[in-house]
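Hi,

Here is the structure I promised to send over. Have a look first, and my notes follow below.

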Amino acid sequence: MVKYVNAAGLEELIATSKLPVFCDFWASWCGPCRMLAPVFEDISDKYEGEAVFVKIDIDEEDSEAAAIKYGISSIPNIIVFKDGKPVANNLGFVPEAVLESFVKNNL
C-alpha cells in the first residue's frame, strides 16, 4: 500500500523505518507520473512488509523542501532510502518488470 507524505512525514519515516523506503517524487500534471502510479501501487502490494512505499507531490507547499533536499530535477523519480540515507534512484516511467527488478535489487 502506498502512503502519501509531505516533507516532514518523509523525513520522519526515513529516520525511523527499519525497512527500505521507496519514495516516488511526482506531480499531478506529469503524464509519466500518472502512468507510473498504478505500477508503483502494484509493486507496493507485492512487497508489503518488505519495504515501505510512499509518494510525495513536489508541488505541495509542504513538500517542495524534500524535492530540493534530494536534488529532484525530473519526475517521476523514485529514491530508495536505507538507514536514513538515499542509496539508489530510478528516474522516469518504467514498466512493471523493470520497477520490480529495481525494488528487488534494493531490498
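A quick definition before the notes: a crossover counts as right-handed if, with the strands pointing away from the viewer, the path from the first strand over the helix to the second runs clockwise. Helices (H or I, at least four residues) and strands (E, at least two) are DSSP runs, numbered from the N terminus. With that in hand, β2, helix α2 (residues 31-46) and β3 form a right-handed β-α-β unit.

Some housekeeping: this is a predicted model, where local features need pLDDT of at least 70 and side-chain atom pairs count only at pLDDT 80 or more, while totals for chains, interfaces and linings use all residues. Residues are numbered from 1 along each chain as its sequence is written, and side-chain values use heavy atoms, with hydrogens and water left out.

**Strand β2**

Buried here means under 20% relative accessible area, exposed means over 50%, and partly exposed is in between (1.4 Å probe, protein chains only). Six of the six residues of β2 (residues 21-26) are buried, so the strand is largely enclosed by the rest of the structure. In a regular strand the side chains alternate between the two faces of the sheet. In β2, V21, C23 and F25 point one way, and F22, D24 and W26 point the other.

What does β2 pair with? Two strands pair if DSSP finds at least two bridges between them. β2 runs parallel to β3 (residues 52-57), with six bridges, and F25 sits opposite I56 there.

**Salt bridges**

There are four salt bridges in the structure, each being a side-chain nitrogen of Lys or Arg within 4 Å of a carboxyl oxygen of Asp or Glu.

- K55 and D24 meet at 2.8 Å, N to O. K55 is in β3 and D24 in β2, so this pair ties together parts 31 residues apart in sequence. Both residues are buried.
- K69 pairs with E11, with the closest N and O atoms 3.1 Å apart. K69 belongs to helix α3 (residues 64-69) and E11 to helix α1 (residues 7-16), so the link joins parts that are 58 residues apart in sequence. K69 is exposed at 55% relative accessible area, whereas E11 is partly exposed at 26%.
- E96 bonds with K46 in a salt bridge, the closest N and O atoms being 3.3 Å apart. E96 lies in helix α4 (residues 96-105) and K46 in α2, so parts 50 residues apart in sequence are tied together. K46, E96 and E100 are linked in a network of salt bridges.

Cheers
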